[in-house]
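Open the model in your viewer and follow the stops below. Each one says what to select and what is there.

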Amino acid sequence: MPTITAFESSPDRGRGQARDMRVRWALEEIGQPYSVRLLSFAAMKVPAHVALHPFGQIPTYEDGDLALFESGAIVLHIAERHTKLLPGDANARSRAIAWMFAALSTVEPPIVELTMAMLFERDKSWYAERLPMLQDRVRVRLGELSRHLSGADWLDGAFSAGDLMMVTVLRRLNTSGLLDECPEIAAYVARGEARPAFKRAFEAQLAVFKAASNS
């Protein structure tokens, strides 16, 4: 049974944004049981954890003699070993992997920059001037993605690891109001969140937050 690491007390307050959510969802999609080792922020910086994750973050993944870090690499490892997350056709498989990279390298960076500004820069003198620029950068990506979907349920045929990564990235916009401006993208995210495997992963992560809040 693989073991993953997650926040002992998640900073997202149970909204399913922490990156272990991606790994949980992938494991739930393939029906793979897993265990979770919860870490405090201090524990993430001790040598034993840094040996698993050089940057002292979560998630990590351990299975036998394999240890991985970075959510994208972990999800790809899981997907490559199970047919439910990557197509059998070689070309379709490569396209699904390309969408995983697109989610992390093209779509996520402007979203993270926006959400970090909204969280940590509201009291800065430049915030009001900078915010529209950051929002417009995200709008460009949402428009491009919407044109690609063009009424399709998923990015390239059936649901794949590419969709899993893209939906988790887009969910970071849930409180920004930008998804409301793009109904096709909002519906795409809702389809991902409606999957039973997503719901199980979300509830598992939420349970950790609730337990920490009640302790």
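Start with Gln17, in the loop between strand E1 (3-7) and helix H1 (20-30). Helices (H or I, at least four residues) and strands (E, at least two) are DSSP runs, numbered from the N terminus. The model is predicted: local features need pLDDT of at least 70, side-chain atom pairs count only at pLDDT 80 or more, and totals for chains, interfaces and linings use all residues. Residues are numbered from 1 along each chain as its sequence is written, and side-chain values use heavy atoms, leaving out hydrogens and water.

Is Gln17 buried or exposed? Gln17 counts as buried, at 14% relative accessibility. Buried means under 20% relative accessible area, exposed over 50%, partly exposed in between (1.4 Å probe, protein chains only).

Now show its neighbours. Leaving aside residues up to four places away in sequence, Gln17 touches Asp12, Thr168, Arg171, Arg172, Asn174 and Gln205. Contact means heavy atoms within 4.5 Å. The Gln17 side chain also reaches the backbone oxygen of Arg171 at 2.8 Å.

Next, select helix H6 (residues 161-170). Here 10 of its 10 residues are buried. Thr168 is one of them. What do the buried residues of H6 pack against? They pack against H1, helix H3 (71-80), H4, helix H5 (127-149) and helix H7 (183-193). At the N-terminal end of H6, look for the cap: a side-chain oxygen of Ser160 lies 3.0 Å from the backbone nitrogen of Gly162.

Finish at Leu119, in helix H4 (residues 90-120). Leu119 is exposed, with a relative accessible area of 56%.

Methods:
Polar contact = N/O pair within 3.5 Å; in protein donor to acceptor, adjacent residues only side chain to side chain.
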